[in-house]
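Me: I've got a structure to go through. Can you walk me through it?

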Amino acid sequence: MMGRTSIVAAALAAMLCGGLGASALAAEEARLRAAFEAADVNGDGVIDVDEYVAYFVAAFQRHDVTGDGFLRPEDLPNVDMERFRAADRDGDGRISLGEAIADRIIVFFDIASEDGVITLDRLVAHEAAR
Ligand SMILES: [Ca+2]
Ligand SMILES: [Ca+2]
């Protein structure tokens, strides 16, 4: 349920995102580029499915502060509950590593070009369209 404050905050965020200034856009691209380069372990300029999954397994482990092999909404800053519920296949309110990988593989092939890899341009376009 959305309180009045979060509705205002969401409206504000939508407004801000719609009118992102050049510097905010550049900062977002820099953030994506850094993540892209971190994920591109073999440095061939594209992210294949192995690199993508490995990147998110590492992220999963970083967020799983209790080390029990599950992520809960409170483990994730700025969690999008709609996305969380979609990833939580068995609906137990937490995301297992298997659920996280399944979710990420769907996202991977959503972003990937026809040759099955993610380029920086495609990642930026995907994030911009969200
Ligand atoms: Ca690569
Ligand atoms: Ca689950």
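Reply: One term to start with: helices of at least four residues and strands of at least two are DSSP runs, numbered from the N terminus. By that count, Val124 is found in helix α6, residues 120-129. Keep in mind that this is a predicted model.

Me: OK, what is the pattern along the protein chain?
Reply: The pattern reads α-α-α-β-α-β-α-α. There are six helices and two strands.

Me: Which residues is Val124 in contact with, leaving aside neighbours within four places in sequence?
Reply: Glu29 and Leu32. Arg33 is 91 residues from Val124 in sequence, yet 8.5 Å away in space, C-alpha to C-alpha.

Me: How many residues does α2 have?
Reply: Helix α2 covers residues 22-39, so 18 residues by the numbering. From first C-alpha to last, α2 reaches 26 Å, close to the 26 Å expected.

Me: New topic. Which element has the lowest mean pLDDT?
Reply: Helix α1, residues 4-18, at 45. Strand β2, residues 95-96, has the highest, 98. The mean for the protein chain is 86.

Me: Where does pLDDT stay under 50?
Reply: Over residues 1-17, where the model has one contact beyond four places in sequence. Where pLDDT is low, the predicted coordinates should not be read in detail.

Methods
Residues are numbered from 1 along each chain as its sequence is written. Chains are lettered from A and ligands numbered from 1 in the order in which they are written. This is a predicted model: local features need pLDDT of at least 70, side-chain atom pairs count only at pLDDT 80 or more; totals for chains, interfaces and linings use all residues. The expected span of a helix is 1.5 Å times one less than its number of residues. Two residues are in contact if their C-beta atoms, placed from the backbone, lie within 7 Å. pLDDT is the predictor's confidence in each residue, from 0 to 100.
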